[in-house]
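Good morning, colleagues. I would like to take you through one structure this morning, beginning with a single helix and ending at an annotated site.

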Amino acid sequence: MLQNDGLKTRFSAFGALVDWRKTGKLLREHSLSPFAKELALGVCRRHLRLLHAIRKSVRRMPGLDVQCVLEMGIYQMFFMDVPNRAVIDSSAELARQANLGEGSVKLVNGILRRLDRYGLPSLPPQNVLRLSLEYSMPEWLVRRLLDCCGPVYAEEFSKETVERPSQWMRVNVQKISAEELQKRLALSGRIYKNRFIEIPEGNPHLGELLASKEFKEGFFSIQNPAALEVVNLLQIQDGMSVWDACAAPGGKSALLAEMYPHAEILASDISAERLLPMQDLHSRLSLSNISVQTLDVTAHSFFERFDRILLDVPCSNLGVLSRRPEVKYRLSLKDVLDLSKIQFHILETAVSALKKNGILVYATCSPEPVETDKVVKKFLEAHPDFEQVGLPVRISKNEFGLDRFFAAALRKK
Ligand SMILES: C[S@@+](CC[C@H](N)C(=O)[O-])C[C@H]1O[C@@H](n2cnc3c(N)ncnc32)[C@H](O)[C@@H]1O
């Protein structure tokens, strides 16, 4: 029997973390309470740093369950605002309730007390190892960042991956203005370009907002404003036909449909399952200028049919690691290189659907050169009938906490 809410919450975070270590998938968002979610995601973000602290405190690494209890304890002690005494007691109790054995309870107690007294073990001086442990980044990724973009960028990028990402809502300005909605929901966050409202940390919790009448009536959706900077490159005008060819789960399609009620939008994706949430577009958001279809973009049969094409291609997610921290540990360099081949193939095959003088925007939430500049460069070299419109947009976190995105606009001559 779990005796109190605090323990129940820790138990659910513990369950999520054990599952993640076993399956590579991290349960998140609505199924966990805010504290449990913060704890599970925070531990995942700092996993290598926390493991390092455990490794330095024992002769033999304990089993995975005990590691999870310890990682949670160390995270709360050094990266959350929880008193150390309470952390030590609740961690020992968690180990007991999880039936890890009295030996493990003593081990948890002993290691956390030691860390309470002496602090986290110091980090090695070598730059790659230090960055890897300090920000829980795999060493191959640190090396790649250092090689491609230098030490300042590598440090800044790595640091972002352990920070809590900002939360924003996109206002359906066809139904309500950002100011009016902000008043109705009593939110105090910033407004971004009249269309996005920041959801301040913790209060109100995302779950409460998603249960609100305003959400059900389609006044807002959850989305990071980086999407706006990407779709702006399309330069859409009334009456245009637009194909969002890698659309699921539909964030950018919905933004497009809200921004351009007089454009005709086709949103398609290869995955019927990932398209399911897009039923929202018609029912909740009342958007009538958009149709949805399951379609493999590499096997389409459109010919010069669209004025605009958005290709938000499948990618490594390297630009959103603070939101999806588990990706850091499962991704390999080979995965990134394989993705770049898929991205190029998608771009190559999509373009026949674009009308002359039409614009295609190639976008990805990865800043990795092989998924961005190299794909575009290779494409332009092979297609002299295309030209780049302006410089690619490289969205970085900046003061608004935007997701990292790369987007390049290409015009068919
Ligand atoms: C980065 S996600 C798109 C996110 C979406 N644009 C949004 O804003 O919500 C990439 C999408 O590409 C889809 N995809 C991958 N290969 C595809 C293909 N050959 N044809 C169409 N869609 C594909 C994936 O199923 C995935 O939903």
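In this predicted model, I begin with helix α6, where Ser104, Val105, Val108, Ile111, Leu112 and Leu115 are buried. Why do these residues share a side of α6? Around the axis they span an arc of only 140 degrees, and therefore they fall on the same side of the helix. The other side of α6 carries Gly103, Lys106, Arg117 and Tyr118, which are exposed.

The helix itself runs through residues 102-118, a total of 17 residues. From its first C-alpha to its last it reaches 24 Å, close to the 24 Å expected at 1.5 Å a residue. Just after α6 comes Gly119, with a positive phi of about 85 degrees.

What do the buried residues of α6 pack against? Their partners are α4, residues 64-79, and α5, residues 84-97. Lys56 sits in the loop between α3 and α4. With a relative accessibility of 55%, Lys56 counts as exposed, because the threshold for that class is over 50%.

Domain 3 (165-220) and domain 4 (223-410) each provide at least three of its residues.

Setting aside neighbours within four places in sequence, Val230 is in contact with Lys252, Leu310, Val361, Ala363, Ile395, Phe405 and Ala407.

Finally, the annotated site. An unreviewed UniProt entry places the annotation "active site" on Cys365. This residue is found in the loop between β9 and α18. Is Cys365 buried or exposed? Its relative accessibility is 11%, so Cys365 counts as buried, the cut-off being under 20%. Not counting residues up to four places away in sequence, Cys365 touches Cys315, Asn317, Leu318, Gly319, Val320, Arg404 and Phe405.

Thank you for your attention.

Conventions
Residues numbered from 1 in each chain as written. Predicted model: local features only at pLDDT ≥ 70, side-chain atom pairs only at ≥ 80, totals over all residues. Heavy atoms only, no water. Helix = DSSP H or I, 4+ residues; strand = E, 2+ residues; numbered from the N terminus. Expected span 1.5 Å × (residues − 1). Buried < 20%, exposed > 50% of the residue type's maximum accessible area, 1.4 Å probe, protein only. Arc of directions from axis to C-beta. Contact = heavy atoms within 4.5 Å. Domains from an automatic or database assignment. UniProt positions renumbered as here; feature names shortened; annotations may be inferred.
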